[in-house]
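Please read them with the coordinates open.

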Amino acid sequence: MRDIRSQFEKNGFVVLEDFFQPEEIDEMKCAGEDFTKNLPPESERKVFSTIELQQNKDKYFLDSANKISVFFESEALEEDGKLKVHPRVSLNKVGHALHWLHPTFRKYTFDERVKETAFQLDYVEPAICQSMYIYKNPGTGSEVKTHQDATYLYTDPMKVVGFWIALEDATLENGCLWIAPGSHQSGVHRRYIRNKDLDSKELLIYDKAAPCYQLSNFRPVPVSKGTCILIHGQVVHFSHPNKSDKSRHAYTFHVIDTQNVSYSKENWLQPPAGGFPKLYRN
Ligand SMILES: O=C(O)CCC(=O)C(=O)O
């Protein structure tokens with residue numbers, strides 16, 4: 001395995017090409033496409049957007065922590081839940097427990113290559129806390145606002161890494177990730193937490209306004225199908241909307257360490273009854 005730890009500590013991200021084989025990637029992509037063939041009824045359709053933030057008010061979102069739940073693009077739905085686009089390009093993402101509840105995603109999340117990578121990054125007792133299939137569809141695939149993953153998955157001390165796996169080539173045109181190298185060294189800028197005010201309609205809130213980030217600090221990270229990008233919990237990143245005619249599917253999951261690390265009870269996403277599944281033990 002390549003020396004990833006020094007790169008990870010210096011830049012806050014590492015690009016691992018050919019992490020999975022083409023046929024393994026195709027298996028994950030087929031599983032992702034299957035979700036679009038069996039959409040929930042119109043009255044139960046929910047949108048996910050990092051711009052409009054409807055999910056903050058939504059019990060469906062809160063409950064998705066330990067389920068396989070589908071989220072639509074806001075541009076894909078009429079007000080009454082009817083589709084404006086083909087089902088194949090209607091979804092924003094599926095989450096957040098694919099790694100545990102779906103046989104294909106479970107197989108690849110608990111793969112030896114993932115375990116070896118976590119070991120190289122010095123994770124002692126890692127656990128998987130969430131997973132998402134991200135569609136970033138042509139035309140409808142929306143922007144993912146600039147953020148740190150630690151905002152959503154806060155641990156003390158900070159020990160969170162995202163595995164972001166390209167299931168298709170991710171390019172400048174179809175909305176590849178943009179990352180600010182070294183920005184993981186600037187602390188956690190804000191947190192997304194459960195609202196203590198139980199009378200409020202907002203179930204989830206940010207504790208601070210969004211910081212202003214300078215675009216010139218970011219670099220595009222275009223990658224080919226099969227690449228895994230390791231994303232430090234504090235590195236700042238975003239992706240543009242997909243205005244191209246090609247989709248940009250990705251599978252991503254997040255690993256926390258549980259040895260001498262506490263996972264915040266304020267985080268929106270809380271573990272299932274038995275705790276987050278341990279990477280090395282499954
Ligand atoms: O896939 C994307 O465009 C963004 C994903 C992301 O930022 C994340 O999962 O934290």
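**Notes on the predicted model**

1. Ile229 is in contact with Phe13, Val15, Trp164, Leu177, Val221 and Val223, its neighbours within four places in sequence being left aside; contact here requires C-beta atoms, placed from the backbone, to lie within 7 Å. Ile229 is also one of three residues, with Ile165 and Leu230, that touch the most other members of the largest nonpolar core, which holds 66 residues. Such a core is a set of buried Ala, Val, Leu, Ile, Met, Phe, Trp, Tyr and Cys residues joined through C-beta atoms within 7 Å, and a residue is buried if 20 or more other C-beta atoms lie within 10 Å of its own, exposed if 12 or fewer, and partly exposed in between.

2. Residues are numbered from 1 along each chain as its sequence is written.

3. An open sheet of seven strands has the order 1-12-7-14-4-3-2, with antiparallel pairing. Strand 1 and strand 2 are the edge strands, each pairing on one side only, and neighbouring strands are turned by 20° against each other on average, direction ignored. Strands are DSSP runs of E with at least two residues, helices are runs of H or I with at least four, and both are numbered from the N terminus; two strands pair if DSSP finds at least two bridges between them. The angles rest on axes that are lines fitted to C-alpha atoms, and they run from 0 to 180 degrees between N-to-C directions.

4. Within that sheet, strand 3 (residues 91-96) is mostly covered, six of its six residues being buried. Five bridges join strand 3 to strand 2 (residues 68-72), and four join strand 3 to strand 4 (residues 126-134), the strands running antiparallel in both cases. His96 is the bridge partner of Ile68 and stands opposite Ser131 in strand 4, whereas Val94 has Tyr133 as its bridge partner in strand 4.

5. The peptide geometry deserves a check at two places. The bond from Gly95 to His96 is cis, with omega near 0°, and His96 is found in strand 3. The bond from Asp156 to Pro157 is also cis, with omega near -10°, but Pro157 is found in the loop between strand 6 (155-156) and strand 7 (160-166). Most residues other than glycine have a negative phi, and most peptide bonds are trans.

6. Two residues other than glycine have a positive phi: Asp18, near 50°, and Lys136, about 45°. Asp18 lies in the loop between strand 1 (13-16) and helix 2 (22-35), and counts as exposed because it has 11 C-beta neighbours inside 10 Å. Lys136 is placed in the loop between strand 4 and strand 5, and counts as buried because it has 27 C-beta neighbours inside 10 Å.

7. Which residues surround the ligand? They are Ile134, Lys136, Val144, Asp149, Gly162, Leu177, His237, Ser239, Ala250 and Thr252, where a residue is near a molecule if its C-beta atom, placed from the backbone, lies within 6 Å of it. Strand 13 (237-239) and strand 14 (250-257) are the elements that give two or more residues to this shell. The shell divides into four nonpolar, four polar and two charged residues, with Ala, Val, Leu, Ile, Met, Phe, Trp, Tyr, Cys and Pro counted as nonpolar, Asp, Glu, Lys and Arg as charged, and the others, Gly among them, as polar.

8. A further open sheet, of four strands, has the order 5-13-8-11, again with antiparallel pairing. Strand 5 (144-147) and strand 11 stand at the edges with a single partner strand each, so one side of each is left without a neighbour in the sheet. The twist averages 25° from one strand to the next. Strand 8 (residues 177-179) is joined to strand 11 by three bridges, and Trp178 stands opposite Pro220 in strand 11.

9. Ala210 is placed in the loop between strand 10 (204-206) and strand 11 (219-221), and counts as exposed because it has 12 C-beta neighbours inside 10 Å. Ala210 and Arg190 are 20 residues apart in sequence and 7.5 Å apart in space, C-alpha to C-alpha.

Technical notes. Predicted model: local features only at pLDDT ≥ 70, side-chain atom pairs only at ≥ 80, totals over all residues. Contact = placed C-beta atoms within 7 Å.
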